[in-house]
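Me: I have a structure open and want to talk it through. Can you help me go from single residues to the whole thing?

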Amino acid sequence: MRLSKYYMPTLREDPVDAETASHKFLTRGAFIRKQASGVYSFLPLGKKVINKIEAIVREAMENHDSIEVSTSILQAREIWEASGRWETFGPEMFKLKDRHDREYCLGPTAEEAFTALVKDELNSYKQLPLNIYQIVDKFRDEKRPRFGINRSRDFLMKDAYSFDADIEGLEISYQKMWDAYVEAFDKMGLDYKIVEGDSGTMGGKKSHEFIALSETGEGVILYTDDSDYAATDEKARFKMDFVKEDEKDLELVETVGKTTIDEVSEFLGKDTHHSAKAVDLLVKGEPVLVFVPGDRELNMAKLISYLKVPEHEIEMLDDETIEKITGAKAGYTGPIGLKEEVRVLIDESLTKINNLTVGANKTDYHYINANFKRDFDGEIVEDLLTAKEGDMAYDGSGMLKAARGIEVGNIFQLGTKYSESLEAYFLDENGKQKPFIMGSYGIGISRSVSAIVEQYHDDKGIVWPTSVAPFEAIVTIININKDEQKELGEKIYQRLREERIDVILDDRKERAGVKFNDRDLIGIPYRITVGKDAADDIVEYSTRKDMENEKISSSEAIEKIVDSIKKDLSFK
């Protein structure tokens, strides 16, 4: 490919809405262009990167017995109603009607579509196990699209689904996809961690996420150096130590104007750990009061998982409703003496902490020395707390450390949630009808592009790993009007093509500075510069990573590139 014939409209200025390096360099480097809020097109360079990532993912999937199919992004309302998610998936779902008033959505995910695809034809245990995948666009109406293609409304995703006869089969399928993901992300060159994840709206109990480490990542993971333990902050648990105290008498104390945990604890001379924080919520139109230790934060993902309701069905109670339920102004809510009967959730840790400070449901008053069972009761939930750096890991393996990252892959054990709801059954060896045991496995293709750039860039632009670079090598002719430079550049270009190197020739009638700036910006791994020494068959060889020029013969430069790329692309 010749740059004089190529479409590569690079930019000198950062986009005004760019918050991350990937958004900035992918836009400036002519990889992507914004069409609308959260909607992007891929330009030729970007499409080449996408193609290479897709090829890596396809190879890994097929190496682990997954077969490619393709389902429509237009999905009928009926299959989503069968699973119960037409209403519960939430406002992120794009919905539309055809001319006959039939309702559809633009697929945000494909559990229903894949289950419906096989339900009438996959009917015997002899056809199992089956694992099928696709790479197609997904659509989610993100409330706040940001970070370019990292969180957009239209994104490219690989999703796979396994169908097994039993849990043992699912475990095997799950491990195969785990291994496939390790193969794919290793080949992309990503630095990542595999962590326990929250299943969320997907259903199922067991899930893991593949998190590409990045300071600009929206996700937070917690891990220990002394074990393999790692989990998202939505899932991570921690170990708490409890000191048993003798129960003291319950006492009502005046706390005028003290409405926060910190204010009350300071006023009373008590530590925040020995207090119960109230979180007043409205869940699907019904009030729910949640109590956690005063020094901890409620983990909304854990609450959502326990309540089994979508996030958009949960909101904070307004002050008027709080006063109606408790008899007191906001800030004085407690589990003792509520004015109205209401659902009360209590984190299990509060059952092990004696002599708590709690709201008295009376304006300007709190109770001290409140104890579970003796003074208050409620629905006990095993874990509703957010773990943080410095906590002891739940398995006792060491103190938790925190890191930020980008979720590039996830694997879920779905069980029978979708097969039962869509009536997808098979006959076992005894002729008995059973629902498929399913797994779900996703890789963010376009998001992986963003994650790679976040890990591979400097102040000049992108530094692509060879496996995903739009081109593996670039030959730059300094002055295209000089015959000796043009002829040597062409010769090197053709030699590299003969060696099956993915190479681009910069033969543009541009100043050397423009060519060098573009070359650094788009991040091609290996470079040959043909300049004033062309008549002597001398060129400058360099790599994008090291940026150190070495004057050598053209044949030496070609040999270096071929050998380096072969080494880079050898995957074990």
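**Working through the model**

Reply: Start with Asp507, which sits in the loop between strand 28 (503-506) and helix 13. Keep in mind that this is a predicted model.

Me: Is Asp507 buried or exposed?

Reply: Asp507 counts as buried, because its relative accessibility is 12% and the cut-off for buried is under 20%.

Me: What is Asp507 in contact with, leaving aside neighbours within four places in sequence?

Reply: Arg2, Leu3, Ser4, Ile480 and Lys515.

Me: And how far is Asp507 from Asn361 in space?

Reply: The two are 77 Å apart, C-alpha to C-alpha. In sequence, 146 residues separate Asp507 and Asn361.

Me: New topic. Where is Thr351?

Reply: Thr351 is in a loop too, between strand 18 (343-347) and strand 19 (356-359). Thr351 is partly exposed, at 23% relative accessible area.

Me: Now Ser554. Which helix is Ser554 in?

Reply: Helix 14, residues 554-569.

Me: Why does Ser554 count as buried?

Reply: Because its relative accessibility is 4%, and buried means under 20%. Not counting residues up to four places away in sequence, Ser554 touches Leu488, Ile492, Asp537 and Val539.

Me: On to helices. How many residues of helix 1 are buried?

Reply: 7 of its 8 residues, so helix 1 (residues 21-28) is mostly covered. The buried ones are Ala21, Ser22, His23, Phe25, Leu26, Thr27 and Arg28.

Me: What follows helix 1?

Reply: Ala30, with a positive phi near 65°.

Me: And helix 5, how many of its residues are buried?

Reply: Helix 5 (residues 111-118) is mostly covered, with 6 of 8 residues buried. Those are Glu111, Glu112, Ala113, Phe114, Thr115 and Val118.

Me: Let's zoom out. Which domains does the assignment give?

Reply: Domain 1 takes 51-73, 108-236 and 401-454. Domain 2 is 251-386, and domain 3 is 471-570.

Me: How far apart are the centres of domain 1 and domain 2?

Reply: Their C-alpha centres lie 37 Å apart. The contact takes 5 residues from domain 1 and 6 residues from domain 2.

Me: What area do domain 1 and domain 2 bury between them?

Reply: About 360 Å², with 47% of it on carbon and sulfur atoms.

Me: Why quote an area there?

Reply: Because the size of an interface is often given as the accessible area lost when the parts come together.

Me: Now the whole protein. What are the helix and strand totals?

Reply: 14 helices and 31 strands. The C-alpha trace spans about 95 × 65 × 50 Å along its principal axes.

Me: How much of the protein is buried?

Reply: Buried residues make up 52% of the 572 residues. The accessible surface comes to about 26700 Å², and carbon and sulfur atoms hold 45% of that.

Me: Last one. What about the charges?

Reply: There are 80 positive and 110 negative charges. Their mean positions are 5 Å apart.

How values were computed:
Residues are numbered from 1 along each chain as its sequence is written. This is a predicted model: local features need pLDDT of at least 70, side-chain atom pairs count only at pLDDT 80 or more; totals for chains, interfaces and linings use all residues. Side-chain values use heavy atoms; hydrogens and water are left out. Helices (H or I, at least four residues) and strands (E, at least two) are DSSP runs, numbered from the N terminus. Buried means under 20% relative accessible area, exposed over 50%, partly exposed in between (1.4 Å probe, protein chains only). Accessible areas come from the Shrake-Rupley method with a 1.4 Å probe; for residues, only the protein chains shown count as cover. Lys and Arg count as positive and Asp and Glu as negative; His and the chain ends are not counted. The place of a charge is taken as NZ of Lys, CZ of Arg, CG of Asp or CD of Glu. Domain bounds come from an automatic or database domain assignment. Contact means heavy atoms within 4.5 Å. Buried area is the accessible area (1.4 Å probe) that two parts lose on being put together, summed over both.
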